Amino acid sequence: MKIKKPNIGIVLFLLIGVVPFAAAFIYALLYSFGVIGVANNGFTLQFWESVLASGTFFKSFGYSFIIAFVAVTSSVGGALWITLKFRKQLEKQFLSFIIYLPLAIPGIVTGFFTFQLFSKGGFFARISYKLGLITKASEFPDLVNDGLAFGIILSFITMIMPFFVLLFLNVYKNERVEELSVLAQSLGADANQITRKVFLPILIQKTWVLIVLYFIFLLGAYEVPLILGQESPQMLSVLIIQEIKQYDLDKISEGYVVAVLYTLIVSAAAIVLFLPKRKRVYAN
Amino acid sequence: MRINWQPFILSLAVLLILFPFVYLVFLSLASEWRFPDVWPSYLGFKNWVTVFGSEAGLLSSFFSSLLISLSVAVFSTTSGFLISKAVFYHPKKKTLTLLAYFPYILAPVVFAACLSFFFLKMGLFGNMTGVVVAQFIIAFPYALLFFSSFWNEKVKSYEDLVTTLGGNKWQTYTKVVLPLAKGLILICFFQTFLISWFEYGLTSIIGIGKVQTLTIKVFLFIKEANYYYGALSCCLLIFPPVVLLYFNKRYVFKKLV
């Protein structure tokens with residue numbers, strides 16, 4: 001009886017946690033090689049060749065990578081600065097609740113809201129018109145669905161920076177950074193040294209796994225780029241779904257090629273992130 | 001004299017945080033708001049009355065979302081808690097944990113696209129059960145990983161102690177394990193509820209537009225350029241989590257750090 005129970009648990013874990021992922025991956029893999037699929041007639045490398053030759057995947061991956069990187073570094077940098085400068089005030093009753101509010105806003109609402117503010121007929125365009133900065137809507141700069149992904153990056157930052165502020169505030173408290181700073185000060189360190197040698201190393205070291213996880217999440221983000229992205233290049237998830245949902249049957253297989261490549265990259269990242277360490281308390 | 005900028009920056013931050021909430025409520029009350037007007041020509045409860053008169057199906061979307069999210073939260077928290085015990089006491093727990101990360105970090109929408117064939121075969125495509133099952137598949141690894149640090153030597157010793165004192169499995173759970181895990185279970189429930197409540201991509205693929213949760217409605221209204229109803233759906237989408245956050249804020253980060 002004692003041996004049997006954990007086994008049921010493991011079997012259930014494999015059934016719910018592993019089998020769907022494996023099935024999805026194998027399905028996408030077989031589709032990408034033309035083994036299955038409506039118009040496919042057996043194994044072929046044609047779809048892989050055409051995806052690799054067209055460079056769509058690499059363009060889209062590079063584009064997603066840069067957007068996610070800019071958003072994560074700005075958010076982490078901003079959150080560190082806020083924690084360093086405003087920690088005491090943020091612990092007060094009123095502010096301590098207010099800073100939790102952004103967590104209640106999902107990606108799709110952030111995308112919608114950013115669109116409402118920054119589109120050519122949006123809130124800021126109206127104000128610019130009132131102030132006489134523009135004379136018609138089309139004169140307002142492209143801030144959504146734009147090439148530089150301004151709208152997407154801004155949305156990502158507003159979505160994840162509050163999370164990092166809260167995270168850093170908690171690490172600050174739990175790792176007793178305050179006491180360590182006082183100790184460093186009594187040993188003769190100045191404010192700058194405390195920031196560089198105590199504050200930053202502890203906060204970054206304790207949270208880097210979550211920082212990387214957030215980067216991976218943004219890499220695969222869907223709703224925000226769907227609302228605020230441009231036609232080309234697109235972020236990875238949007239590209240994959242667009243190809244898979246197409247009427248052109250060849251494109252569906254190509255969509256699965258991109259899905260397989262993306263899954264492989266994310267899986268490799270997971271292995272690098274989580275395998276070598278003995279225990280990862282901070283990433284759940 | 002040095003100017004103290006802190007109060008200004010903090011006030012600005014508070015305004016920036018509150019602005020989306022205020023703006024969305026404002027937009028949901030507006031209509032006939034055309035460029036370049038800074039103020040809408042109509043401001044009132046017309047949209048809300050229409051919605052609560054159950055036109056546009058927003059109210060039913062709200063309840064569908066609620067039902068789906070509650071189901072996903074209940075199933076994933078319960079199974080995550082019970083199964084995590086087997087996983088984290090297993091000698092190969094490192095490898096098993098790694099396996100749990102794969103579905104969790106893959107974009108849900110891509111995962112759903114690759115799974116949709118199986119859902120179609122099982123008759124779970126385009127219905128609410130299918131959406132609950134699909135969301136459960138991504139919420140489960142989260143819940144499982146969430147409980148990773150709960151199952152430690154201390155809890156194991158307590159369990160052994162109950163057994164030594166003659167307690168059975170049921171008593172171990174009801175008298176020791178569950179009271180110890182109560183706080184964590186609550187947070188996990190809250191988090192998995194939010195994962196489901198905020199989900200769009202996976203729901204749109206598996207629900208194929210037939211299962212209209214609030215996030216699906218928001219997107220539909222954006223596509224129709226009906227921004228007033230869009231804002232109204234956003235309000236319905238963000239205010240329940242605000243209430244939950246109010247009750248849970250002290251617990252939200254307890255597990256992460």
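Which residues does A:F123 touch, not counting residues up to four places away in sequence? In this predicted model, A:F123 touches A:Q116 and A:L117 as well as B:F19 and B:Y23, with residues up to four places away in sequence not counted; contact here means heavy atoms within 4.5 Å. A:F123 lies in helix α6 (residues 123-130) of chain A, where a helix is a DSSP run of H or I with at least four residues, numbered from the N terminus.

Residues are numbered from 1 along each chain as its sequence is written, and chains are lettered from A in the order in which they are written. Local features need pLDDT of at least 70 and side-chain atom pairs count only at pLDDT 80 or more, while totals for chains, interfaces and linings use all residues, and side-chain values use heavy atoms, with hydrogens and water left out.

The table lists residues that count as buried, which means under 20% relative accessible area with a 1.4 Å probe and protein chains only.

| Residue | Relative accessible area |
|---|---|
| A:F123 | 16% |
| B:C114 | 3% |
| B:C234 | 0% |

The structure holds 0 disulfides over all chains, a disulfide being a pair of cysteine sulfur atoms within 2.5 Å. B:C234 is in no disulfide, and the nearest cysteine sulfur, that of B:C235, is 7.0 Å away.

As for confidence, the model scores ipTM 0.90 and pTM 0.91. The mean pLDDT of chain B, on a scale from 0 to 100, is 89, and 95% of its residues reach 70 or more. Within chain B, confidence is highest in helix α6 (residues 128-146) of chain B, at a mean of 95, and lowest in helix α2 (residues 46-52) of chain B, at 84.

Notes:
pLDDT = per-residue confidence, 0-100. Helix = DSSP H or I, 4+ residues; strand = E, 2+ residues; numbered from the N terminus. Buried < 20%, exposed > 50% of the residue type's maximum accessible area, 1.4 Å probe, protein only.
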